[in-house]
Structure formats: C-alpha cells, structure tokens
Amino acid sequence: MPGTPRTPRTPGTPASSHTGRPRPGRTRRVLAAVVLAAAVVTAVLALALGRDGSGGGTAAPATVSTPEAQEPANPELLGLARRDGADPLALGSPDAPVVLIEYSDFQCPFCGRFARETKPHLVRDYVDKGVLRIEWRNFPVFGAESDQAARAGWAAGQQNRFWQFHDTAYAEPRRRNAGDFSEDKLTAMARKAGVGDLARFEKDMASDAAHRAVTRDTEEGYGIGVTSTPAFLINGRPVLGAQPTDVFTDIIDEAAEQARQREDGDE
C-alpha cells in the first residue's frame, strides 16, 4: 500500500549519529510536521485510487496529491541538504543551486514510478547541466525486506554503484515482502548493477555501518515529519508522492531562478 504511514520510533530507542549535524529542534520538528502532514492524505488517496493486492500487480496511479496541495519552500529545511561531494548516494554537483532530497523505499511502487518515469528527465535536463543535485535518503517503510534492500543499496554505494543498483531494483514492479528482495535476489541485483566484489557487498550489507547509515536517514525523515514514501524536498519545498514530471520541473525552475536572483543580489 503506497504511502502507508510507518509506526514512529518508540521512546527510548537510541538516535542515530548525524555526523556533527544537530538533530532538528522542537521548533523545526513541529513546523515540519505541519508542513508534511499532507503525507497522511497521500496514504488515504493511495487507498482510494488503487493498490496492487498482492504487492506485485498494477501499481496505483502516480499522482497521489494535487500540485495545489504542495506547500511553499521552508527555509527551516534547507539545511538538510548535505552537499557532500563524496556521497555515493547523491547525483550532481555539491554546488548545484537546487537540491532535491528524496525519502524512498525500494519496495514502494510510487517510488519506482518516480525512478522510471521522472528521474531520467531530471538527470538529463537538470543534473547533467549542473542545476540540480539529487540526494537519496533511505526511508524503508514496508518491513524487513525494505530494510534489507536499503542496506543493500548502501552496500552497492560503497563500490560506487548505488545508482546502478537503484535503477536495477526499480526496473520493474516487484512483490512486497514475498522474497523479491531476499539476500540472494539483492546479490543478483548487485551483480547486474556491476558491483565488482560481491563478497564485500554481502559483508557491507550485513554491517553495522549499513544499519547506522539507514537509521540516520530514517531518523532524519521522522525528525521533519515524513510519514510515507516517496517524499521530496526541493530547496526546502515539500513535494509529496510521485507527482507528474512537470510538477517537479516547475518547482526546480522556480527554485533555480530564486537562487540566481539571490546570487545576483549578492554581487
């Protein structure tokens, strides 16, 4: 069920390290939770618009909330862009004027639709031209195989093959929690994605480092009020669900123009 809310972390569960970046304070959490509360509507609409009963049938429609429902840019969220040039789970220049942060689950059919239908256009028209940077955040919401797939993606990234693994995992709709993301299947995906050292891949996938990396992303998402996938921030502006491509391009164009005007004003 795309957009299904995940049960929040229970009190007392240790928080992950944010590598020197402070956890969002109460003001940011409250503000962002209000901004992203429409994600709950996404879940309701996903139920109303359709689902794949077995997890492997026809995916629900890509548009799960209307563009009019999207919220304006939120300066409080701009600081979430990591802009780490060594991050293998990111595409594009760290200095790009626009950063799109994506909170996704490899088992989410809406995320797959974005990966297949929208991301290639954004890469061609914006990432490759230095306008946009895409930063992936693991936000596994569908259970054990989602967690395992998230760690597998991170492990592929340790050999600089994350995005190849990403495209392989999302190449077609897959069943949820039915073995399509078992360890053997994930290793096969890694092989197809060109991961060279599969023994290292399997070791990295099972490592504490992979768990910490996934937990860091998940805690970040919860900290700003993300409740479903996919959820995006474009220069601090939330976009919820696998919206049509032109929704993303319109927001990216606007954000790029705002960045250009700020740069001109600083000169």
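The legends below accompany close-up views of a predicted model.

**View 1. Overall fold of the protein chain in the predicted model.** The secondary structure of the protein chain comes to nine helices and five strands, and from the N terminus on these elements follow the order α-α-β-β-α-β-α-α-α-α-α-β-β-α. Of its 267 residues, 51% count as buried. Among the contacts in the protein chain with a separation of 6 or more, 81% are accounted for by residues 24 or more positions apart.

View 2. Five strands make up an open sheet with mixed pairing, in the order S1-S3-S2-S4-S5. Its edge strands are S1 (90-91) and S5 (237-240), each of which pairs on one side only. Strand S4 (residues 231-234) is joined to S5 by four bridges, and the two run antiparallel; within this pairing, Ala231 stands opposite Leu240 in S5.

**View 3. Helices against the sheet.** Helix H5 (residues 162-169) packs on the sheet, where it touches S1 and S3, and its direction makes about 70 degrees with that of S3. Helix H8 (residues 208-223) lies across S2 and S3 and runs at about 105 degrees to S3.

**View 4. The largest nonpolar core.** This core has 58 residues, and those with the most contacts inside it are Tyr103, Phe106, Leu132 and Phe165. Helix H3 (residues 109-127) gives the most to the core, with eight residues. When neighbours within four places in sequence are left aside, the residues in contact with Leu132 include Leu91, Val98, Leu100, Leu122, Tyr126 and Ile252. In soluble globular proteins, nonpolar side chains tend to be buried together.

**View 5. The aromatic pair of Tyr103 and Phe139.** A search of the whole structure finds 13 aromatic pairs. In the pair shown here, the ring centres of Tyr103 and Phe139 are 6.4 Å apart and the ring planes stand at 85 degrees, so the pair is edge-to-face, given that planes over 60 degrees apart count as such. The pair links distant parts of the chain, since Tyr103 belongs to strand S2 (residues 98-104) whereas Phe139 lies in the loop between strand S3 (132-138) and helix H4 (144-157), 36 residues apart. Both Tyr103 and Phe139 are buried.

**View 6. Further surroundings of aromatic rings.** Ring pairs link Phe106, Trp136, Phe162, Trp163, Phe165, Tyr170 and Phe201 into a cluster. As for a charged side chain at a ring, Arg176 lies over the face of Phe142, at 4.7 Å from the ring centre.

Notes
Residues are numbered from 1 along each chain as its sequence is written. This is a predicted model: local features need pLDDT of at least 70, side-chain atom pairs count only at pLDDT 80 or more; totals for chains, interfaces and linings use all residues. Side-chain values use heavy atoms; hydrogens and water are left out. Rings of Phe, Tyr and Trp (its six-membered ring) pair if their centres lie within 6.5 Å; planes under 30 degrees apart count as stacked, over 60 as edge-to-face and the rest as tilted. Buried means under 20% relative accessible area, exposed over 50%, partly exposed in between (1.4 Å probe, protein chains only). A charge sits over a ring if NZ of Lys or CZ of Arg is within 6 Å of the ring centre and within 35 degrees of the ring normal. Two strands pair if DSSP finds at least two bridges between them. Contact means heavy atoms within 4.5 Å. Axes are lines fitted to C-alpha atoms, for helices over the stretch in contact, and angles run from 0 to 180 degrees between N-to-C directions. A nonpolar core is a set of buried Ala, Val, Leu, Ile, Met, Phe, Trp, Tyr and Cys residues joined through side-chain atoms within 4.5 Å.
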